[in-house]
Structure formats: structure tokens, C-alpha cells
Amino acid sequence: MNDLMSLGIHRLWKDHFVRNLNPGRNPLTSSSSSEKGWNILDIAGGTGDIAFRMLDHASTINNDAHTKVTVADINPDMLAEGRKRALETPYARSPRLDFIEANAEKLDMIPDASIDLYTVAFGIRNFTHKEAAIREAYRVLKPGGVFACMEFSKVNNSLFDAVYKRWSFSAIPLIGQVVAGDRDSYQYLVESIERFPSQTEFRDMIKDAGFLVPGQGWEDLTGGIAAIHKGVKPA
Amino acid sequence: MAPIRLSKSVFGTLRVKPNHTLPIRQRCLYHSYEHDQPPPFPEAESSILSAAMRHVPDHGFTNAALKFGARDAGYLDVSTNLLPRGVFDLINYHLVTQRLALKDSVQFPTEGQVEGKAMGVGAKVRALTLARLRANGPIIHRWQEALAIMAQPTYAPASVAELARLADEIWFLAADTSVDSSWYTKRASLSALYAASDVFMTQDTSKDFIETEQFFDARLKDVSRMGSFMGAVGEWVGYTGHSAVNVLRSKGVRI
């Protein structure tokens, strides 16, 4: 379904997202052996798309066999789907992958300052209280930890925007109706994308929570259809 | 005669203005070099990058150096995400800090205090450029990596812009006051000279980079010879062009 709607581009975005974060602690180039691997929290990542990519990157690129990903999702059906998909990966029964059911606005089971990297890919758009979720991210992150968010955003080029709007408001609900038999959900999808704050507004929300933002604060993907926002908790 | 009289009358009106306008005039005369500039990098980035620079001689311009730097500065490995361009940000940090250090590291004797004649602009430019080249000395064995990264298409525009800023800084510190088209040619030729010497220096094994100095002097001589040649060519092209236009006009062509 995602492949049809984004013409497969969402895979490229996710790969880019993970590659840029470069998760994992290479044992060859790190001096102290006190801490092994990163502790990653993937919010709204029920199906494990990001989690498996993170673990693959850590293992194959950084030779890190300790980095751990906790997948949190509010929807138990999504988590079940993720657990099912995990069986096809080497991480299914390893301590490196964990699934928990949690609300991103109230992560009580996660202690303060315990997470290296907090990711949320195409999830924060659906949160009721985005500010509360960002504040919660700030709480669970270690000083120096990174909040990384990939989300649909605003297209910069007005000509491309016209084409993109046509595609999203006409084609996507239709694809939803034909393929998944559910027009309303996909109508909600495009409307929620439309209502999500622009790059600068969302950057300022991250700043307001106390994060330092790198450079201009975001990176546009495919002309701004999606954007990666990052924030670093000051040490 | 009219323009002179006009300017006199303008100056006259300025002069009869009451004294209290003077502070306003002075406030308008803003020279950025008389004021402290804001630091070029935010605090967190600066602490990570300066710590990372200390690891460059061992680890080169790599992500490993950045991660060690982040650790030293009290951050985590993941905090290197604060630098959106990764290793290029480390290179850029070196370039910017060394450019800004130039005004403090090279001091010229103030005119009037020294016996003999003061240093000319050319000698000052030479001294400044060599000082900037020497600042790459401690990391010169890693500098080829940095040049390779700077030459990547993504980063080339930023690198060239930084080179232009360096050339501008050197001519400014040398107290060059040209306001004609040579403002551009001076900066362009110094940029080319600097880039060539920079690449030469990566392979220089002589003591105290004496061969780089010789290389730079030889290129400097080439430029001045080239400059006078180009001047002569320009004069010839201008004269011939004017003559051709005038011949055509004398034949009745309306140009």
C-alpha cells in the first residue's frame, strides 16, 4: 500500500534516514569499552520498518552486536505485525529487539535519560499532543541524545506542489478504495498531512522543548514531501 | 566649473550644520572590524568540533574523529548528528577558525616605527598566505583526505566560497585599498595561487615546508608576469576595437 502511494520512494527515505543517523558503536574505533551499543527507542514503529534497518545498519556497517532497539506503538495490531515480521530477521528472539505497547505522550516505563536515539517515522502527525510527545522525548533522552523525526511536510516548489496536491487528494483515496477497500482512512491520511505544521513551525516546536537543532533544523526529502527533523539534547 | 562649485556649496552646507549632528554621523560609520564579531559556530557544535580537531592527526577527517570529539566534549556518539554535513563540518571548522586566526597570528610592524621602509602590500600578502599554509602543517598528512571531501560535488560550492573568503581576508589584512576591477582579479589570482600551493604542500617533505614557500614564490612571479602580459593584451584589444569602430563610423555605419 505504501509502495503504491509513494511509488516506492518511502523505502529510499527510510534508508536515507537510518544511514544518516549512522546507528551503532564501532568497536574498532571506540576506545572505552564501558558502554556497548546504542539504546534506541523507535516510537510509532509497530511494523518494525525503521527498527530492522537500524539493527541491520549497526551490525553490518558498524560491526556492532549490542545496539538495542525498543519498538513502541500505541496500536497492538501494529505490534503484532512487527513481531510477525521480526521472525524473518535474525533479531526475533535476541535481546536486541523489544516490542512495547505505549503512548508516546506518557512513556512511564522508560526511565529518565536512558535513550541515545529517539526516532519517530511518519507517526508524530497522528499524535494528539505533539508538544507533550516532544517533551517526553526530551525527558527519556540522555544528555547529548538525539530526537530524530521523519514526517510528511510542505513542498517548496509551487509547481511541484500543485502536482503533488493533485496526486494526494485524487489518487491516494482512490488507491485506498480500490486496493484496501477503505477510502475514509486514506482521506484522513492526506488531510492529516495537510494539517501538519510546516518545516519551520515544527523546528520551532522542537527548539521550544529545549533541543539544539543542527544547521537549519531539518532536511527536505523529495522537494519537501517529507522532511527529517533532528534535535540534540544539550549536555 | 559648475560641478566644483556645486560640491563646494554642498560641503558648505555640511559645515554650517550645528555640532550636535556629529554623533549621528559617527554612528553611521560602522566598520565591522572595529567590533567583536559573534563566534562563527554555536557553543555545542564548537565544543564537539574543537575536541574532534585534536583527534584529526591520529584518525584523519573521519566520523571516528567526530565521535571521539563528541565523547571528549561530554556528548554521545549519536550527538554527531548535530553536524548536518558530518565530516565536512569538521573540515569547514578548520578552514573558518584558521582564517579567523590569521588576523591575530600575523602582526605587521606599524608604519613609522620601523627603520627603513614599511612592508609593501605584496610582501604582506605573501607573509599572510604562507602563515595560512603553515597552519595546515600539523594535519598536512591528513589534508589530502580533506581536499578529496571538499572536492565532492555536494561540498565544492561551500569550499570554493570559503577559499574566496580566505583570499578576501588576506587582501583585507594586507591593507589593500583597490576599488577598481583589480579588486576581483587580485582575489581570483590569490585563490588560484593558494589552492595550488595547498595541493603542493600535501606532498612536500622538506624541512619547515621550504619547498612550498619556493613553489608559492615562483607562482607569485608567474602571476605578476601574467598580469603585465594580460594588461598589454587588454590595451591592444581595446585600441584595436576602438579603431575598428571608428573606421566603420567614418564609412557611415551608425554604431
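Predicted model: local features only at pLDDT ≥ 70, side-chain atom pairs only at ≥ 80, totals over all residues.

Trainee: Are helix 6 and helix 9 of chain B roughly parallel or roughly antiparallel to each other?

Mentor: Helix 6 covers residues 87-105 and helix 9 covers residues 156-173, and their axes come within 10 Å. The axes cross at roughly 5 degrees, and angles under 35 degrees count as roughly parallel. The relation of helix 6 of chain B to helix 9 of chain B is therefore roughly parallel.

Trainee: How far apart are the end C-alpha atoms of helix 6 of chain B, and what span should its 19 residues have?

Mentor: At 1.5 Å a residue, the 19 residues of helix 6 of chain B should span 27 Å. The end C-alpha atoms agree with this, being apart by 26 Å.

Trainee: Which elements of chain B are included in what covers the buried residues of helix 6?

Mentor: The buried residues of helix 6 of chain B are Val87(B), Asp89(B), Leu90(B), Ile91(B), Asn92(B), Tyr93(B), His94(B), Leu95(B) and Arg99(B). What covers the buried residues includes helix 3 (43-53), helix 5 (63-72), helix 8 (143-150) and helix 9 of chain B.

Trainee: What percentage of the residues of chain B count as buried?

Mentor: Chain B has 11 helices and 0 strands. Among its contacts between residues at least 6 apart in sequence, 61% join residues at least 24 apart. Of the 255 residues of chain B, the share that count as buried is 23%.

Trainee: How many residues of chain A are in contact with chain B?

Mentor: On the side of chain B that touches chain A, the residues divide into 8 nonpolar, 4 polar and 1 charged. These 13 residues of chain B are in contact with residues of chain A numbering 19.

Trainee: Where does UniProt place the feature "domain: COQ9 C-terminal", and how far apart are the end C-alpha atoms of that stretch?

Mentor: An unreviewed UniProt entry places this feature at residues 156-227 of chain B. Over those residues the chain is 78% helix and 0% strand. The end C-alpha atoms of the stretch are apart by 27 Å.

Trainee: Is Thr177(B) buried or exposed?

Mentor: Thr177(B) lies in the loop between helix 9 and helix 10 (182-201) of chain B. Its C-alpha atom is separated by 9.6 Å from that of Val121(B), 56 residues apart along the chain. Because 9 other C-beta atoms lie within 10 Å, Thr177(B) is exposed.

Trainee: Is Asp73(A) buried or exposed?

Mentor: An unreviewed UniProt entry places the feature "binding site" at Thr47(A), Asp73(A), Asn103(A) and Ala104(A). Asp73(A) is found in strand 2 (residues 68-73) of chain A. Leaving aside neighbours within four places in sequence, Asp73(A) is in contact with Ala44(A), Gly45(A), Gly46(A), Met78(A), Leu79(A) and Glu101(A). With 25 C-beta neighbours inside 10 Å, Asp73(A) counts as buried.

Trainee: Which residues does Ala104(A) touch, not counting residues up to four places away in sequence?

Mentor: Ala104(A) lies in the loop between strand 3 (97-101) and strand 4 (115-121) of chain A. With 25 other C-beta atoms within 10 Å, Ala104(A) is buried. Under that exclusion, the residues Ala104(A) touches are Ile43(A), Ala44(A), Phe127(A), Ala133(A) and Glu136(A).

Trainee: What is the value of phi at Ala113(A)?

Mentor: Ala113(A) is placed in the loop between strand 3 and strand 4 of chain A. With 13 C-beta neighbours inside 10 Å, Ala113(A) counts as partly exposed. Most residues other than glycine have a negative phi. Phi of Ala113(A), however, is positive, near 45 degrees.

Trainee: What is the value of phi at Asp208(B)?

Mentor: Asp208(B) lies in the loop between helix 10 and helix 11 (210-250) of chain B. With 10 C-beta neighbours inside 10 Å, Asp208(B) counts as exposed. Phi of Asp208(B) is a positive value in a residue other than glycine, near 55 degrees.

Technical notes. Residues numbered from 1 in each chain as written. Chains lettered and ligands numbered in written order. Axes fitted to C-alpha atoms, helices over the stretch in contact; angles between N-to-C directions. Helix = DSSP H or I, 4+ residues; strand = E, 2+ residues; numbered from the N terminus. Parallel < 35°, antiparallel > 145°, perpendicular 65-115°, else oblique. Contact = placed C-beta atoms within 7 Å. Nonpolar A, V, L, I, M, F, W, Y, C, P; charged D, E, K, R; others polar. Expected span 1.5 Å × (residues − 1). Buried ≥ 20, exposed ≤ 12 C-beta atoms within 10 Å, placed from the backbone. UniProt positions renumbered as here; feature names shortened; annotations may be inferred.
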